[in-house]
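Colleague: I would like to learn how to read aromatic contacts in a model. Please take me through them.

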Amino acid sequence: MRRSIACLALCLLCAAQPGAAREVAYGSVPPSRDGTGKTYMGREIAQVMGYPGADWLERGSREREERPELLLAALGLAPGMAVADVGAGTGYYAGRIAERIGGNGQVYAVDVQPQMLALLEDSMRRRGVRNVQPVLGTATDAGLPPGAIDLALMVDVYHELSHPREVLDSVTRALKPGGRLVLVEYRAEDQRVPIKPLHKMSEAGIRREIEAGGLVWQQTVTTLPWQHVVIFRKP
């Protein structure tokens with residue numbers, strides 16, 4: 001009986017303090033080889049790929065391994081859209097999206113590493129792409145204008161976020177009503193995908209974490225060779 005009363009009191013306390021559940025979601029474990037030791041909803045957060053590894057983002061085999069044209073087709077891009085590429089890196093997708101949404105559209109290319117943004121700006125300048133705006137985000141905030149984004153995209157980024165709930169909250173605030181968040185992650189369910197386990201996520205794990213932030217699952221696209229494309233919508 002005492003235990004039941006204590007559990008009830010804890011539930012009431014969490015309901016009265018919205019931040020309490022968020023704090024409980026984070027934890028720690030002994031760091032694995034590719035992990036940070038920090039956990040979110042039981043998942044160990046992976047180490048971030050730093051800017052010295054930027055060449056991997058532009059590797060020649062990426063077209064064959066990931067089939068980016070299939071992802072771009074699944075995004076439902078249209079002229080004039082406002083798109084956020086969160087964790088844009090060198091701009092591999094930002095530039096391709098910018099071409100498809102046209103001069104009246106805008107791509108916000110977000111990264112937390114100034115060195116990555118410098119590489120992105122150089123790439124866009126060389127390609128003559130003028131509708132990509134670099135945005136220096138932080139570990140907790142994507143730095144996007146509120147209520148302005150039609151589509152936010154994270155390609156192989158979410159699993160490395162040190163503060164996934166806070167970043168998700170900031171992206172959700174930036175989405176227009178009905179706006180979409182698209183997560184692309186290497187499939188943890190498929191052992192044939194040659195990526196380190198901590199840099200892969202299951203569809204169920206993606207849905208559990210993103211839906212906890214208040215977005216609604218819309219569909220999962222399965223056309224890519226190695227990756228999930230999981231699409232959520234802001235109510």
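**Rings and charges**

Modeller: Start with Tyr 186, which is buried because its relative accessibility is 3%; buried means under 20% relative accessible area, exposed over 50%, partly exposed in between (1.4 Å probe, protein chains only). This is a predicted model: local features need pLDDT of at least 70, side-chain atom pairs count only at pLDDT 80 or more, and totals for chains, interfaces and linings use all residues. Residues are numbered from 1 along each chain as its sequence is written, and side-chain values use heavy atoms, leaving out hydrogens and water.

Colleague: How many aromatic pairs does a search of the whole structure find?

Modeller: Rings of Phe, Tyr and Trp (its six-membered ring) pair if their centres lie within 6.5 Å; planes under 30 degrees apart count as stacked, over 60 as edge-to-face and the rest as tilted. The search finds three pairs. One of them is edge-to-face, because the rings of Tyr 92 and Tyr 93 have planes at 80°, with centres 5.2 Å apart. Tyr 92 is buried at 5% relative accessibility, and Tyr 93 is buried at 3%. Tyr 186 and Trp 226 form a tilted pair, 6.3 Å centre to centre with 55° between the planes. Trp 226 is buried too, at 19%.

Colleague: Which charged end sits over the ring of Trp 56?

Modeller: A charge sits over a ring if NZ of Lys or CZ of Arg is within 6 Å of the ring centre and within 35 degrees of the ring normal. Over Trp 56 it is Arg 59, 3.7 Å from the ring centre. Lys 38 lies over the face of Tyr 26, at 4.4 Å from the ring centre.
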